[in-house]
Amino acid sequence: MSHESTYQPNSGAERWLDARLPVLRLMHDSFSAFPTPKNLNYWYTFGGILTFCLIVQIVTGITLAMHFASDSKLAFASVEHIMRDVNFGWLLRYIHAVGASMFFLAVFIHMFRGIYYGSYKAPRELLWMLGCVILLLMIITGFMGYVLPWGQMSFWGATVITNIFTAIPVIGTPIQEWLVGGFAVGNPTLTRFYALHYLLPFVIFGVVLLHVWALHVTGNNNPTGIEVKGPQDTVPFNPYYTVKDAFGLVLFMLVFAAFVFFAPNALGHPDNYIPANPMVTPEHIVPEWYLLPFYAILRSITFDIWFLSAKLLGVIAMVASIVVLFIMPWLDTSKVKSLRYRPMMRPFFFLFILVCIGLGWVGAETPDKVLFALGDFQYQMVHLGLTLTAAYFAYFLVILPLVGILEKPSPMPASIEESVLKGRKPAQAA
Amino acid sequence: MSLTIRTGAIIAAFTAALSISPALAAGDADHPHTPHEGWSFSGIFGHYEAETLQRGYLVYESVCAACHSMQYVAFRNMAEPGGPGFTMDQVRAIAAQHQVPAGPNEFGETVDEYGLPLTRTATPADYFPAPFANEQAARASNGGALPPDLSLMAKARANGPSYIYSLLAGYEDAPEETELQPGMSYNPFFPNHQLAMAAPLYEGAVEYPDGTEATVEQMSYDVTNFLMWAAEPKLEKRKRMGFQVMAFLFLLAGLLYWSYRKVWADIKH
Amino acid sequence: MADTTNPDRRDFLYIATGAVGAVAVGAMTVPLIDQMNASADTLAVSQIRVDIGQVAVGQQITVLWRGKPVFVRHRTEVDIAEAEAVDWQVLRDPQPDSARVHAGRPEWLVMVGVCTHLGCVPLADRGDYDGWFCPCHGSHYDTSGRIRKGPAPDNLPVPDYAFINDTTLEIG
């Protein structure tokens, strides 16, 4: 989708710059004049919100990095120094910690939006996959960042997750020791995680640029899933969506601020206020809430299959749960993009959300907790985890392909313009 | 909903309610008590009471500091706003009552003629001195148990303040069926109900200068408040700033919403 | 409904929104800049109290203040007389001795012991002027710490200090 650039330099300076490095033209074409579907709802403000989150994390991260000591003897104390002595240190630390949670909250909503409206489908497959890359980078960055304060959860979470690699036969333990810089998580682990945690957000930033570029090639999807047919379907990004994104952002900031100022530790774990102790394992090792669904999938497989150990199968399942996202565009057989017009698929989508939330709950609980008993058989948390893991994969591998074929879509409007002029459903037969 | 299902639902709810309440009434490791007046620092207008923190400091200093360090709290912190509210002169006087480890003397010695580490008088810039030189010394003096540092204890436990308060005020005789390990004391609020710390507080353990009666409950309340301040000295500043930020964001949200309506007024969407 | 009939009110809304937004952005920069200022633990030792009760006449102690050495010298009568007798107007950095000590306590000279040339620590009781001598490039300071010979441009700086009592000095 290429548009004629409508940028007009206003001054001699602007003309000079435009002839040498047309950045202002690029900004104008991409974020001012860019034709955007006029029917985008508030779920579409989360892209802008995510950009804000990334900038907040980078800026607070850099200021924290000015005071953080990445040696295992000093790290915990340096965080307390930040909280108590550095001017506004407590604020920067809480913003950064809560910001990570807000970042993931926004990215999950952003992804669910993409799934609901079929934004992962042709011609936006690469856009979707770049997004999956960003998610993966976020998970790695967040995991490493949580290790840095060197509390009990930092240390033991790092231990459990790096031990995952030992599930790989033959080369697993050497990889784990290479990753960790020794025989167990320790100072070398902390220092390298710090270096990488500082680096990856800039890699994320680069992938975000690619992601936005890919978006601008195809143009935005919209709630009807019907492609833009002409200028009657669009409005320029500025001022229509700059103001809407700004409003959405401020609402998001209200939630963000409520946590930072009034419940900054609600999303964290008290055990991380205990300095790391390799001799004492916490009662329940849990990652941060946004990693809980993946943790649940990892722990859900407790039986060996053939030569594959339960531990290895759990690792494969966890990795597969992210890999399956990448191939979504090719799993979905429906010609219709938006679930608005896919009545059979819609309930499965909402069930899928419940499955994800359920997996998060399971990830936080002890695996052998009994939910109910049927005679001799006890249905435990770990069984629920397995059930929900199966449901998770079924959504992608069974539901998406099947429903697309079996479903009869609802009548769709002919265009975006028609859908906004006549309400969501097209004109009823007179 | 059919009559059968409705009746069943009511019975289920009633049973659930019954099963929860005995646990709450007795109080145990899963259900710490909050003092009946609540905590002054909770809620959006949370704040500390300076007199309570000063009494709490006295309890820490007189009772707890014999075994528990507070390595992240400095004497000067007690003169900062939002805390116990001592004056700088009072803080200097308090610091001067403590000795902290000193570096080598002019002869390069690090111990005195008795083999004890050299010390110097503390200044306000110094952190609360630790009662033991290292973990091994602490364990040796406490039957193998390590008294944890208290700087962050209020944040290092779920429902930290209520947990600490319940624990300190909650010592009781072990029930008959409990087998008490040697050197341990019974406390229903500690995980597994047995801990190496014997009840540290007893009636009149400290004498409050302001005349407040030093009951176990009062001292537990005061020292819990102090420990919460020690863990979150910026609490008052944080909540005050939060109120201002939220008010500002509401205003900005309103302005942006009207701007949004104005910008989109002509567009059907 | 478009407010095309009243552009002023519409523009005012946008201007007000923009202004409030700008205030928000401005407010956000305050913590980002201030966190680089000295933290509370640094500021806590930015002011130190020194016990001078043990410093005999003619003796000097050196204390660490804000990361630098500070000389606290208990001057003799001879030192003081020498310092006051100098024609200070013709010095490279003209300063009378009275401007470098507290009134009524000329026996106490408090100076930052960092040579004003390139930052080395001058040695006491050396040099041609009975004061300090900097071995790095040969600056000579007199009994008032004023530069007399050598490449240093300024006298040794005198920090803010106060006498809490006869035996306690507070620097900073």
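In this predicted model, Phe396(A) is in contact (heavy atoms within 4.5 Å) with Val324(A), Leu325(A), Met328(A), Leu331(A), Phe352(A) and Pro401(A), residues up to four places away in sequence being left out. Together with Tyr392(A) and Tyr60(B), Phe396(A) touches the most other members of the largest nonpolar core, which has 187 residues. A nonpolar core is a set of buried Ala, Val, Leu, Ile, Met, Phe, Trp, Tyr and Cys residues joined through side-chain atoms within 4.5 Å, where buried means under 20% relative accessible area with a 1.4 Å probe, protein chains only. Helix α5 of chain A (residues 89–116; a DSSP run of H or I, at least four residues) contributes the largest share of this core, 15 residues.

Between chain B and chain A, 37 residues of chain B contact 37 residues of chain A. The buried area (accessible area, 1.4 Å probe, lost on putting the two together and summed over both) is about 3400 Å², with 72% from carbon and sulfur atoms. Of the area that chain B buries against chain A, 19% is supplied by Tyr72(B), Arg238(B) and Trp264(B), more than by any other three residues.

One salt bridge (side-chain nitrogen of Lys or Arg within 4 Å of a carboxyl oxygen of Asp or Glu) is found across this interface. Arg76(B) forms a salt bridge with Asp85(A), with the closest N and O atoms 3.1 Å apart.

Residues are numbered from 1 along each chain as its sequence is written, and chains are lettered from A in the order in which they are written. Local features need pLDDT of at least 70, side-chain atom pairs count only at pLDDT 80 or more, totals for chains, interfaces and linings use all residues, and side-chain values use heavy atoms, without hydrogens and water.

Key:
Buried means under 20% relative accessible area, exposed over 50%, partly exposed in between (1.4 Å probe, protein chains only). Helices (H or I, at least four residues) and strands (E, at least two) are DSSP runs, numbered from the N terminus.
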